[in-house]
Amino acid sequence: LDWEKIEPLREGAIRTYSSLSSCGSTDDVIRDHLDKLVVLKLNGGLGTSMGCTGPKSLIPVRGENTFLDLTVQQIQALNNKYGVNVPLVLMNSFNTHEGTGKILRK
């Protein structure tokens, strides 16, 4: 990595939500936008400060569903509703990779 090439964001590069224009709400327009979407989730934290021995995303939060289960369910619902395939990419650490893999296989 050449740190000399790293530059700050240019003026106006960050826009507020309220300044964004509407993309329209037809299913075709929504589908077109979703076809360009990837959900990237940081999944590297352990729940040691909460007394857990594995990834925080595997903590049960609603019945037996974990944070990760809820994330997967939300993306599946979106994919089913619009007939798309929005990928979920998990940024695991060495500490969370194995436990996360077990949950995703269930």
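Tutor: A residue is called buried when its relative accessible area is under 20%, exposed when that area is over 50%, and partly exposed in between. In this predicted model, buried residues make up 21% of the 106 residues in the protein chain.

Student: What makes Thr 100 count as buried?

Tutor: Thr 100 has a relative accessibility of 1%, and the cut-off for buried is under 20%, so Thr 100 belongs among the buried residues. Thr 100 is found in helix 3, which covers residues 97–105. Beyond its neighbours within four places in sequence, its contacts include Asn 43, Pro 55, Leu 68 and Asn 92.

Student: How far apart are Val 72 and Leu 88 in sequence and in space?

Tutor: Val 72 and Leu 88 are 16 residues apart in sequence, while their C-alpha atoms are 7.7 Å apart in space.

Student: How do you know that Asp 28 forms a salt bridge with Arg 31?

Tutor: The closest N and O atoms of Asp 28 and Arg 31 are 2.9 Å apart, and a salt bridge needs such a nitrogen and oxygen within 4 Å, so the pair qualifies. Asp 28 and Arg 31 are 3 residues apart in helix 1, which means that about one helical turn separates them. Asp 28 is exposed at 59% relative accessibility, whereas Arg 31, at 26%, is partly exposed.

Student: What makes Asp 32 and Lys 36 a salt bridge?

Tutor: Here the closest N and O atoms are 3.5 Å apart, which again is within 4 Å, so Asp 32 and Lys 36 form a salt bridge. Asp 32 counts as partly exposed at 39% relative accessibility, and Lys 36 is exposed at 62%. The structure holds 2 salt bridges.

Student: Which residues make up the largest nonpolar core?

Tutor: The largest nonpolar core has 6 residues, namely Ile 30, Leu 34, Ile 75, Tyr 82, Val 84 and Val 86. Helix 1 (27–34) and helix 2 (67–82) are the elements that give two or more residues to this core. Tyr 82, leaving aside neighbours within four places in sequence, is in contact with Asp 27, Ile 30, Arg 31 and Leu 34. In soluble globular proteins, nonpolar side chains tend to be buried together.

Student: Why is Leu 42 called exposed?

Tutor: Leu 42 has a relative accessible area of 67%, and exposed means over 50%, so Leu 42 is exposed. Strand 1 (39–43) and strand 4 (88–92) are the elements that give two or more residues to the nonpolar patch.

Student: What order do the elements of the protein chain run in, from the N terminus on?

Tutor: The elements run α-β-β-β-α-β-α, and the protein chain has 3 helices and 4 strands.

Student: Why is the protein chain called more spread out than a compact globule?

Tutor: The radius of gyration is 18 Å, whereas the globule rule gives 13 Å for 106 residues; the value is well over that figure, and therefore the chain is more spread out than a compact globule.

Key. Residues numbered from 1 in each chain as written. Predicted model: local features only at pLDDT ≥ 70, side-chain atom pairs only at ≥ 80, totals over all residues. Heavy atoms only, no water. Buried < 20%, exposed > 50% of the residue type's maximum accessible area, 1.4 Å probe, protein only. Contact = heavy atoms within 4.5 Å. Core = buried A, V, L, I, M, F, W, Y, C linked by side-chain atoms within 4.5 Å. Rg over C-alpha atoms; globule rule 2.2 N^0.38 Å. Salt bridge = Lys/Arg side-chain N within 4 Å of Asp/Glu carboxyl O.
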